[in-house]
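I opened my notebook to look up a few things in this structure.

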Amino acid sequence: MISFISILCDGRKTFQAGVILCLSAIPGLGADLFQDDFSRFPPGWLSTPVGSLNGAIQEYHYLPHRGVPLGPWANAICHLDAWVVGDEDGKPYLEQHSVNSLYFKLMNPIFLTGDPEWSDYTVEARVKPLALNEMVGLAFRYHTNRHYYLFALEGGKRARLALRLPLEKTLRVAEWRELGATDFPYDTKKYYQLKVVNEGPRIQAYIDDRKVLEASDGEITKGKAGLTANIPARFQDFRVQVADGVKSQIEQRIQARETKLAKLRAENPQPKLWKKFDTLKFGAGRNVRFGDLDGDGQLDMLIAQNIPRVRGDAFDHISCLTAVSFDGKVLWQQGRPDPRNGLLTNDTPFQIHDIDGDGRNEVVLVQDFKLQVREGKTGKVRHFSWMPPIPTETQERPYEINSGDSLAFFNLSGKKGRQEILVKDRYKNFWVFNSRLELLWQGQGQTGHFPYPFDVDGDGREEILIGYSLWDYTGRQLWSHDAALKDHADGLAMGNFSDDPKAEPKAYASGSDEGFLVFDKKGNILKHVRVGHAQSPSIGKYRPDLPGLQYMTINFWRNPGIISLFDYDGNLLTQEEPIHTGSPLLPVNWRGDGQEFAMLSGNIREGGMIDGHLRRVVMFPDDGHPDLAYYIADVTGDRRDEVIVWDQERVWIYTQDRPFTGKRIYAPVRNPHYNESNYLTTVSLPGWVEIADYQYRAR
């Protein structure tokens with residue numbers, strides 16, 4: 001959602017909050033809705049220096065841009081470092097410089113601007129293809145990067161008008177509805193003036209002021225506009241115009257939306273700073289665990305720095321662990337801190353958990369090829385065992401011994417608590433140990449990122465949902481779709497999320513390019529909706545007006561920022577693109593009244609919390625707080641959640657600006673802190689507590 005627009009009117013740049021319409025009308029043509037000659041941008045890559053990092057950095061970290069501020073534009077496919085700026089014959093241009101060959105049937109680089117309320121506009125730009133083998137053109141009536149209209153030159157010989165459809169029928173093949181095409185030979189030596197005129201469902205397409213195509217399609221009649229290309233191509237003089245009356249209607253709709261949002265936000269508690277402290281030298285991105293380390297009954301933070309090995313996102317080794325309280329007191333530190341080692345784009349195998357059941361938390365981790373148990377209070381090693389060798393048939397085998405990717409706890413013994421340990425490598429193998437660090441059994445498959453524990457048969461022993469497979473406590477595989485589904489499971493959950501306590505549990509997966517899947521407990525696929533590269537899901541009470549819980553997931557690779565909300569049966573309820581990056585989408589019990597929100601980030605413009613209609617209903621103050629990463633937990637003790645935001649140098653904690661006033665408060669049951677992961681599906685099961693049943697600490 002664009003918060004600030006810079007436009008060029010009569011040669012002057014004008015800035016104003018909100019989506020801005022040009023202050024002057026052009027006689028006979030109406031009003032400029034937006035205009036840009038790209039002179040605002042410095043020459044060179046618009047993604048330097050972040051473009052040199054792993055593109056996955058924006059999966060669960062917030063970055064405002066990848067090197068150059070883009071406002072009022074956005075790079076809709078954020079992980080593609082596709083856009084550069086230069087000058088040709090003294091005139092600035094924007095260039096899409098990449099060859100989008102591998103996935104050109106699935107995604108298109110898009111440089112985007114505008115507002116969802118833009119309608120009945122004319123969009124045009126000068127376009128110069130630099131190759132002839134694929135398309136270059138205008139995107140308009142943009143809803144998401146999988147749902148928009150396209151007018152393009154294609155293949156060196158034709159002009160095409162089409163609608164991108166949001167759901168795929170075939171894995172990694174985009175769905176399009178063709179609206180028209182015509183012969184139009186073109187070359188790479190000149191600019192062509194492409195223009196689209198929108199009037200309700202009517203679409204008229206022009207090249208060099210000559211109408212070449214016309215169609216009527218009303219699937220989307222409003223939306224943003226932008227530039228797109230699958231081949232190197234240059235763009236100049238982008239412009240969007242509307243009639244004066246349309247300009248007024250757009251302004252009124254935007255104002256009505258913002259007024260409604262302001263009312264919704266005013267009804268919610270506002271974020272109020274509770275505590276903050278510095279983490280200079282030992283800070284990190286989203287590589288933190290939460291738990292009571294010193295035994296005082298309060299949550300602490302365990303921050304891990306790491307050093308990537310072999311390649312960027314598979315063989316990180318923990319280089320420094322720092323335990324710190326929420327008062328900023330360093331409890332202990334193991335290893336040498338270095339700010340260079342603060343960011344990562346994968347999991348690392350460490351957790352805080354009472355592994356021996358003595359009432360005190362330990363730190364369980366894999367470090368230096370050893371599975372270790374450390375004292376939570378001091379960080380001292382209690383005992384360790386060497387990790388098993390990597391199976392010889394594993395394709396990627398840089399080491400003899402497994403270095404660990406992620407670590408989770410299960411109850412496979414039927415005793416009290418989860419004391420069995422599962423350690424997995426990146427995508428293929430996993431090992432199960434008891435609390436004495438003795439290997440019980442091991443498994444293989446398309447493991448995905450992080451497993452999920454659930455007692456399917458009610459015998460007191462949990463099964464292991466990992467990848468698209470279910471395993472019992474003995475190591476027997478009960479069912480599997482690992483071979484049939486071609487992309488890994490990014491997020492998993494299992495349970496009865498309906499409002500019928502007698503309903504059978506179902507398994508849910510955000511399956512990367514496979515999209516969203518629902519299985520029954522025997523492994524039969526009940527729903528398969530290809531929404532794009534789905535990941536980072538959560539399950540909570542996002543829609544109080546609907547029965548059961550809702551499943552929210554966000555896309556990243558190839559189609560980032562698209563959020564899809566499903567009901568517990570797997571029916572798609574709504575879909576929007578409020579951001580152009582990823583987010584963990586953790587549920588937030590912010591109000592305590594039974595409705596939960598989902599967190600995007602702590603950013604003051606693109607972050608905040610969204611409701612079940614995907615509206616930003618809580619925003620954070622412009623007070624200089626960090627917004628790189630976040631976590632949700634009840635820190636103050638009133639059953640409502642606090643928001644912990646941090647970067648590599650600071651931690652800030654926000655609570656509500658007003659006390660809870662009801663007679664009973666919502667207290668959802670969540671995944672325990674000890675099974676934390678960057679790929680965890682956070683499940684928030686309904687629960688209530690009478691106010692008289694507890695007391696909470698003063699703030």
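**Aromatic rings**

I searched the whole structure and found 36 aromatic pairs. I took one of them, Trp652 and Tyr654: the ring centres are 6.5 Å apart and the planes stand at 35 degrees, so the pair is tilted. My rule was this: rings of Phe, Tyr and Trp (its six-membered ring) pair if their centres lie within 6.5 Å, and planes under 30 degrees apart are stacked, over 60 edge-to-face, and the rest tilted.

I noted where these values come from: the model is predicted, local features need pLDDT of at least 70, side-chain atom pairs count only at pLDDT 80 or more, and totals for chains, interfaces and linings use all residues. Residues are numbered from 1 along each chain as its sequence is written, and side-chain values use heavy atoms, with hydrogens and water left out.

Are Trp652 and Tyr654 buried or exposed? Trp652 has 7% relative accessibility, so it counts as buried. Tyr654 has 0%, so it is buried too. Here buried means under 20% relative accessible area, exposed over 50%, and partly exposed in between (1.4 Å probe, protein chains only).

I also looked up a cluster. Phe34, Phe38, Phe41, Trp73, Trp83, Phe111, Trp118, Tyr121, Phe235 and Phe238 form one aromatic cluster.

**Charges over rings**

Over which ring does the charged end of Arg141 sit? I found it over Tyr149, 4.9 Å from the ring centre. The charged end of Arg289 sits over the ring of Phe350, 4.3 Å from its centre. The test is that NZ of Lys or CZ of Arg lies within 6 Å of the ring centre and within 35 degrees of the ring normal.

**Cavities**

How many cavities of 30 Å³ or more are there? I counted five. On a 1 Å grid over the protein atoms alone, a cavity is a set of points where a 1.4 Å probe fits but cannot get out, and lining residues have an atom within 4 Å of a point. Grid points are joined across faces, edges and corners, and a volume is the space filled by probe spheres set on the points.

The largest cavity has a volume of about 80 Å³. It is lined by 15 residues, and the closest to its centre are Tyr62, Gly582, Ser583, Leu600 and Ser601. Strands β46 (597-601) and β49 (629-633) each supply at least two lining residues. Strands here are DSSP runs of E, at least two residues long, numbered from the N terminus. By class, I found eight nonpolar, six polar and one charged residues in this lining. Ala, Val, Leu, Ile, Met, Phe, Trp, Tyr, Cys and Pro count as nonpolar, Asp, Glu, Lys and Arg as charged, and the others, Gly among them, as polar.

The second largest cavity holds about 60 Å³ of space. I listed its lining: Arg286, Ser536, Pro584, Leu586, Glu676, Ser677, Asn678, Leu680 and Thr682. Three of these are nonpolar, four polar and two charged.

**Thr655**

I found Thr655 in strand β51 (residues 650-656). Its relative accessibility is 2%, so Thr655 is buried. Which side chains does Thr655 contact? A polar contact of 2.8 Å joins its side chain to that of Glu642. Another, of 3.1 Å, joins Thr655 and Gln656, side chain to side chain. A polar contact is a pair of N or O atoms within 3.5 Å; within protein, one must be able to donate a hydrogen and the other to accept it, and residues adjacent in sequence count only if both atoms are side-chain atoms.

Most residues other than glycine have a negative phi, and most peptide bonds are trans. I looked for exceptions.

- Gly71 and Pro72 are joined by a cis peptide bond, with omega about 15 degrees. Pro72 lies in the loop between β5 (44-45) and β6 (74-75).
- Phe369 has a positive phi, near 70 degrees. Its place is the loop between β26 (362-367) and β27 (370-375).
- Leu585 has a positive phi of about 55 degrees and is not a glycine. I found Leu585 in the loop between β44 (572-576) and β45 (587-588). At 0% relative accessibility, Leu585 is buried.

**Sequence and space**

Ser684 lies in strand β54 (residues 682-685). Ser684 and Pro668 are 16 residues apart in sequence and 5.6 Å apart in space, C-alpha to C-alpha.

Technical notes. On a 1 Å grid over the protein atoms alone, a cavity is a set of points where a 1.4 Å probe fits but cannot get out, and a pocket is an open set with protein on both sides within 12 Å along at least five of seven lines; lining residues have an atom within 4 Å of a point. Helices (H or I, at least four residues) and strands (E, at least two) are DSSP runs, numbered from the N terminus.
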